[in-house]
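Hi,

Here's the structure I promised to send over.

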Amino acid sequence: MMFSRNFFRFAACCALASALTTFGVHLLPLLHPANTFQEQLLLSQNPIYKLRLWLVLIHILFVLTSMWGIAAAKYKTAAGWVGLGLGGYWIFGLAELFRVSFALNAITPWRARLLNEPNPEVREVLKENLLSW
């Protein structure tokens with residue numbers, strides 16, 4: 001399969017973008033430390049926390065695209081190792097996409113609901129869900 005120069009340029013731009021977004025992925029948590037359960041609940045109201053989750057999603061896509069570019073460039077010289085490495089990146093990337101999507105669409109709403117839930121039985125269920133995650 002032939003890949004165009006534009007594809008390789010795009011993959012290279014994604015590699016650069018993944019390097020830049022790595023800083024945000026790892027440094028933004030310093031702006032919203034959450035050491036206690038109550039502090040973790042308050043993350044649902046923190047825009048920096050939500051921004052970081054979205055940044056992680058975008059970062060994963062940048063990494064997967066840049067790895068695809070590397071695999072395309074090296075496929076003819078070491079197809080087995082390249083395929084194995086790319087497969088590993090895709091498995092890890094999909095698992096991370098699931099984890100972050102779950103945090104955005106389930107964990108964060110559970111935290112917000114627990115903060116405002118008047119029913120103690122529902123609060124206990126939500127708390128158990130959050131603690132088990």
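Let me start with a pair in helix α4, which covers residues 79-116: E96 and R99 sit three residues apart there, so about one helical turn separates them. Keep in mind as you read that this is a predicted model. The two side chains form a salt bridge, with the closest N and O atoms 2.9 Å apart. Is E96 buried or exposed? Its relative accessibility is 19%, and because the cut-off for buried is under 20%, E96 counts as buried. R99, on the other hand, comes out at 34% relative accessibility and counts as partly exposed.

How many salt bridges does the structure hold? Two, and the other one joins the side chains of E117 and R113, at 3.1 Å from N to O. Here E117 is buried, with a relative accessible area of 14%, while R113 is partly exposed at 47% relative accessibility. So in this pair, too, the Glu is buried and the Arg is partly exposed.

Staying with charges for a moment: the protein chain carries 11 positive and 6 negative side chains. The centres of those two sets lie 23 Å apart.

Now for the overall picture.

What about contacts along the chain? Taking those with a separation of 6 or more, 68% are accounted for by residues 24 or more positions apart.

Last, burial and surface. Of the 133 residues, 35% count as buried, and E96 and E117 are among the buried ones. The protein chain exposes about 8900 Å², and carbon and sulfur atoms supply 68% of that area.

When you open the model, you could begin with E96 and R99 in helix α4, then go on to the salt bridge between E117 and R113.

Cheers

Note on methods: Residues are numbered from 1 along each chain as its sequence is written. This is a predicted model: local features need pLDDT of at least 70, side-chain atom pairs count only at pLDDT 80 or more; totals for chains, interfaces and linings use all residues. Side-chain values use heavy atoms; hydrogens and water are left out. Buried means under 20% relative accessible area, exposed over 50%, partly exposed in between (1.4 Å probe, protein chains only). Contact means heavy atoms within 4.5 Å. Accessible areas come from the Shrake-Rupley method with a 1.4 Å probe; for residues, only the protein chains shown count as cover. Lys and Arg count as positive and Asp and Glu as negative; His and the chain ends are not counted. The place of a charge is taken as NZ of Lys, CZ of Arg, CG of Asp or CD of Glu. A salt bridge is a side-chain nitrogen of Lys or Arg within 4 Å of a carboxyl oxygen of Asp or Glu. Helices (H or I, at least four residues) and strands (E, at least two) are DSSP runs, numbered from the N terminus.
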